[in-house]
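Dear colleague,

I am passing on the structure below, and would be grateful if you could look through it alongside the notes that follow.

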Amino acid sequence: MEKMYKTMRNAGAYSIAAGIVILATGVAVGTLSIICGSVLLKRKSEILF
């Protein structure tokens, strides 16, 4: 019975760690997207199609 509790505790800890990593990655990608978008808007007049 105790082995089952240890397994569930480890699974919970890994889930929390994965959530933190995914959250940090999302924030980083969002920030980079905003920066790239602002650069594109800034140079809008230079872009030719």
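Met8 counts as partly exposed because its relative accessibility is 49%, where partly exposed lies between buried, under 20% relative accessible area, and exposed, over 50% (1.4 Å probe, protein chains only). Please bear in mind that this is a predicted model, in which local features need pLDDT of at least 70 and side-chain atom pairs count only at pLDDT 80 or more, while totals for chains, interfaces and linings use all residues. Residues are numbered from 1 along each chain as its sequence is written, and side-chain values use heavy atoms, with hydrogens and water left out.

Met8 sits in helix H1, which covers residues 2-42; helices (H or I, at least four residues) and strands (E, at least two) are DSSP runs, numbered from the N terminus. The protein has 1 helix and 0 strands, and its C-alpha atoms fill a box of roughly 70 × 15 × 5 Å along the principal axes.

Met8 also belongs to a nonpolar surface patch that it forms with Met1, Met4 and Tyr5, and together these residues have about 480 Å² of accessible area. Patches are made of residues with over 30% relative accessible area and no salt bridge, with like charges joined within 9 Å and nonpolar side chains (Val, Leu, Ile, Met, Phe, Trp, Tyr) within 5 Å; a salt bridge is a side-chain nitrogen of Lys or Arg within 4 Å of a carboxyl oxygen of Asp or Glu. Accessible areas come from the Shrake-Rupley method with a 1.4 Å probe, and for residues only the protein chains shown count as cover.

Phe49 is placed in the segment after H1 and counts as exposed because its relative accessibility is 99%. Between the C-alpha atoms of Phe49 and Tyr14, which are 35 residues apart along the chain, the separation is 48 Å.
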